[in-house]
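Subject: Structure for your files

Dear colleague,

Please find the structure below. My notes on it follow.

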Amino acid sequence: MTPVSRHLVLAAVTVLTMCQPRIAATPSTNLVAVLKNATAVDPHAVQVATGFERLDRVMENYDNRLYPTYDEHDGAPTFVNCSLHILSFSSISASSMDYTIDIYLRQEWRDERLRHYNERGELYINDQTFRDRLWKPDLFFTNLKKGHFQDITVPNFYLRIKPKTGDIIYSSRLSLTLSCSMQLYSYPMDIQNCSMDMESYTFTTEQLKFAWKSEKAIQLIDNLVMPQFNLDDTYSYDCTSNLSTGEFPCLRAVFILRRQFGYHLIQSYLPTVLIVFMSWVSFWLDVDAIPARVTLGVTTLLTMTTLAGGVRVSLPPVSYIKAIDVWMGTCTIFVFGALLEFTMTNYLSRKRPPQRAIKPGFCGLGAKMRHQDNDKLTTTQMIFTDGNALPVPKTYKTIGSRLAGETTDYAASALPVMTTEEQTQKMMDEKHKKKAKVLDDRCRIIFPLSFFIFNIIYWPSYLVFLVEDYTKPPQAS
């Protein structure tokens, strides 16, 4: 409202106030209040209303079935510039090969059919009815699994229209679950390239073209945190390709995700290392401690199997070998090897020589002694005859010596004497136990040394030499 108009209104209010007693009973008394309120009205309110009214008049002849450059004689396509603002990453799943992302999607294009006069300049619109009446790019996500618009507390979108040029900015908030073809050769030390592909469903490049708004078309919210990954880099490029039905415009945004190793180090690697170390305790136990060694070996093997099964649950059943498979398989071999070592040790410590049959008689003397003086026969010592062990009495009386009352000690004078059966068996047991202890002593060195060599090969291979890298396409920005 101009200063002149404001003075005229005030003058009218003054005159009516002076004349109020004479017209108190007339309906025109309400005019005073109306005119007083008119002085407090926002001077731009009428202009804003006029802008929307003019836009509504423009929309009366608007056809949203036609793209903006449809009527141009040169046949130029409509150009749409896109940009993304990443709000959050969540639920990056290797088992289902997908990830969930929350974004602001901004699309900008020019529609000269919306040009009109408006003193206020740009118009901001959050009306779903008007949005439905407007032509919009038929953009869709080719690798989308599921998604939805955010509508709490109001529909999360806005339209910004520049009346002088017909430029439109369409911004909307989306929650999307997109597929990601992950390569898990180096899992859990892997780097994944997850993409977001946006394409036109109806229009070909002759009618519509997509382009990224600027070199940094993908923006991230400050302090973006993901539970299992770090976002190393982002890049974007044009992915337009020819299909059997035509060439459709396409844009691709790629997110470089590096898996955080700390979780897997604590949950998978350290427990398995401790289990392998625990299985080696068997080498320091006594050879005869059979229950303790059996319990230790079986318990560690079952625990190792359970941990390996828990890791496989969170991964898809791929056909190739992953880094975690190499680790779990090797640790299981070490634990199982410790159990096999105990089996070998127990076999060596309990090994027995084969028993040989005893031939009757010692030059015919044994039978005579058993018949002549069976009460004096005491089988406590052994001698060898023809290579066979025979029991002989320690003392006995011959017929001649029996009359003379003499006793002859053949074991001490006439016959060669060997060790007793108990002494021989004891010596054999000690010999076999010594072999078993030697095996334990060697395994105390062989197993840790082998595991150390395996670690020297494993970690540099997956962290340095076999690390997965990404290569940007030439047209990426």
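In which hand of crossing does α5 pass α7? The crossing of α5 with α7 is left-handed, a term used when the near helix is turned anticlockwise from the far one by less than a right angle (right-handed if clockwise).

Before the rest, the basis. This is a predicted model, in which local features need pLDDT of at least 70 and side-chain atom pairs count only at pLDDT 80 or more, while totals for chains, interfaces and linings use all residues. Residues are numbered from 1 along each chain as its sequence is written, and side-chain values use heavy atoms, with hydrogens and water left out.

The chain as a whole

The chain has 10 helices and 16 strands; these are DSSP runs numbered from the N terminus (helices H or I, at least four residues; strands E, at least two). Of its 477 residues, 37% are buried (under 20% relative accessible area, with exposed over 50% and partly exposed in between; 1.4 Å probe, protein chains only). The chain exposes about 27,900 Å², with 58% of that supplied by carbon and sulfur atoms (Shrake-Rupley method, 1.4 Å probe). Among contacts (heavy atoms within 4.5 Å) between residues at least 6 apart in sequence, 77% join residues at least 24 apart.

Axes here are lines fitted to C-alpha atoms over the stretch in contact, and angles run from 0 to 180 degrees between N-to-C directions.

α5 and α7: the axes come within 9 Å and cross at roughly 15°. That makes the two helices roughly parallel (angles under 35 degrees; over 145 is roughly antiparallel, 65 to 115 roughly perpendicular, the rest oblique). On the α5 side the contact includes Y269, V273 and V276, and on the α7 side W327, F334 and A338 are among the residues involved. By class, this contact has 12 nonpolar, three polar and no charged residues (nonpolar: Ala, Val, Leu, Ile, Met, Phe, Trp, Tyr, Cys and Pro; charged: Asp, Glu, Lys and Arg; polar: the others, Gly among them).

α5 and α6: helix α5 covers residues 262–279, and its axis comes within 9 Å of that of α6, at a crossing angle of roughly 165°. The pair is therefore roughly antiparallel, and the crossing is left-handed. S268, P271, T272, I275, M278 and S279 of α5 meet L296, T300, T303, M304, L307 and V311 of α6. Seven of these residues are nonpolar, five are polar and none is charged.

α6 and α7: α6 (residues 290–313) and α7 (residues 323–349) pack at about 165°, with axes 10 Å apart. These two are therefore roughly antiparallel as well, and α6 passes α7 in a left-handed crossing. R293 and G297 are among the α6 residues in the contact, and E341 and N346 among those of α7. The contact divides into 15 nonpolar, five polar and two charged residues.

Backbone points to check

Most residues other than glycine have a negative phi, and most peptide bonds are trans. Four places in the chain are listed here as exceptions.

- I152 and T153 are joined by a cis peptide bond, omega about 0°; T153 lies in the loop between β5 (144–149) and β6 (157–162).
- The bond from Y187 to P188 is also cis, with omega near 5°, and P188 is in the loop between β7 (167–179) and β8 (191–200).
- S91 has a positive phi, near 55°, and sits in strand β1 (residues 78–93).
- M97 has a positive phi near 55°, in the loop between β1 and β2 (98–110).

Regards
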